[in-house]
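Good morning, and thank you for coming.

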Amino acid sequence: MATRQRKVPTQLSRAAVQIFAANDRINQTLIEHLDPAVWRAKPPGKIRTIAAIFTHMHNVRTKWIRLTAPHLKVPAQLNRTHCTPRQARAGLAESGARCIEMLAEALDGGGRIRKFHRDGWAQPWPAGPEMLCYMLSHEAHHRGQVCLLAHQLGFPLPAAVASGIWNWEKLWKECGSPRGPGHHS
């Protein structure tokens, strides 16, 4: 009788999981510390509200999961006009957990996921580090928008929060890796 070998995560897979967990922790930190008055404040021009930006981030994650890893449970989408900070935090936590599963499978060197589908109109990419980079770039872009909008609307993030999102040693530890970046515990 043949026994199934358990897949051993690669170093890239373990690092991707930790990196995306830290990325999601930054999103959670921003929402936790935003002044509630700025959540739905209407920016000048045709610009998304902060609520719409965070719901967009979650909804794009659900698209990545649906297209790339349809065997995973796809989280429900969020409604940008009615979503509360609490709902956004819960939605991002759930979609973040599924993205972590997706990345682990895609980057473990023999996983079920062979291609990253970032959108229905775009050519899929082979699963690899580019997938993680794309996902992180998308979220970092929108976090920059959030920080700028909060400032422009008169509700800047506290200095400790703005600088805290760059403290990767602390973020890493908050995400369950007590030795910090570069150590796969």
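This is a predicted model: local features need pLDDT of at least 70, side-chain atom pairs count only at pLDDT 80 or more; totals for chains, interfaces and linings use all residues.

**Helix packing, cores and selected residues**

The axes of α1 and α3 approach within 9 Å and cross at roughly 170°. Axes here are lines fitted to C-alpha atoms, for helices over the stretch in contact, and angles run from 0 to 180 degrees between N-to-C directions. The helices themselves (H or I, at least four residues) are DSSP runs numbered from the N terminus. α1 and α3 are therefore roughly antiparallel to each other; angles under 35 degrees count as roughly parallel, over 145 as roughly antiparallel, 65 to 115 as roughly perpendicular and the rest as oblique.

Residues are numbered from 1 along each chain as its sequence is written, and side-chain values use heavy atoms, with hydrogens and water left out.

Let me return to the first pair. Which residues of α1 and α3 make the contact? Among them are L12, A16, F20, D24 and I31 of α1, and P85, R89, L92, G96 and L103 of α3. Contact means heavy atoms within 4.5 Å. By class, the contact of α1 with α3 comprises 15 nonpolar, four polar and three charged residues. For these classes, Ala, Val, Leu, Ile, Met, Phe, Trp, Tyr, Cys and Pro count as nonpolar, Asp, Glu, Lys and Arg as charged, and the others, Gly among them, as polar.

We turn to α1 and α2. Their axes are 12 Å apart and the helices pack at an angle of about 155°, and α1 and α2 are therefore roughly antiparallel to each other. The crossing of α1 and α2 is left-handed, a term that applies if the near helix is turned anticlockwise from the far one by less than a right angle, with clockwise giving right-handed. On the α1 side, F20, N23, D24, N27, L30 and I31 meet F54, M57 and R61 of α2. Five nonpolar, two polar and two charged residues make up the contact of α1 with α2.

The contact of α2 with α4 divides into 12 nonpolar, five polar and three charged residues.

Next, the cores. A nonpolar core is a set of buried Ala, Val, Leu, Ile, Met, Phe, Trp, Tyr and Cys residues joined through side-chain atoms within 4.5 Å. Buried means under 20% relative accessible area, exposed over 50%, and partly exposed in between (1.4 Å probe, protein chains only). How many residues does the largest nonpolar core have? The largest has 25, and L34, W39, I50 and F54 have the most contacts inside it. At least two residues of this core come from each of α1 (11–33), α2 (50–68), α3 (85–107), α4 (129–152) and α6 (168–174). The most is given by α2, with five residues. If residues up to four places away in sequence are not counted, I50 touches L34, V38, W39, V146, L149 and A150. There is also a second, separate core of 18 residues, which includes I65, C99, M135 and L136.

Finally, some individual positions. Neighbours within four places in sequence aside, H142 is in contact with R48, I53, H56 and M57. A140 is also found in helix α4, but counts as partly exposed at 38% relative accessibility. A140 and N27 are 113 residues apart in sequence, and 9.1 Å apart in space, C-alpha to C-alpha.

K63 is found in helix α2 and is buried, with a relative accessible area of 19%. Leaving aside neighbours within four places in sequence, K63 is in contact with R118 and D119.

E174, in helix α6, is partly exposed, with a relative accessible area of 39%. The C-alpha atoms of E174 and R25 are separated by 8.1 Å, although the two residues are 149 apart along the chain.
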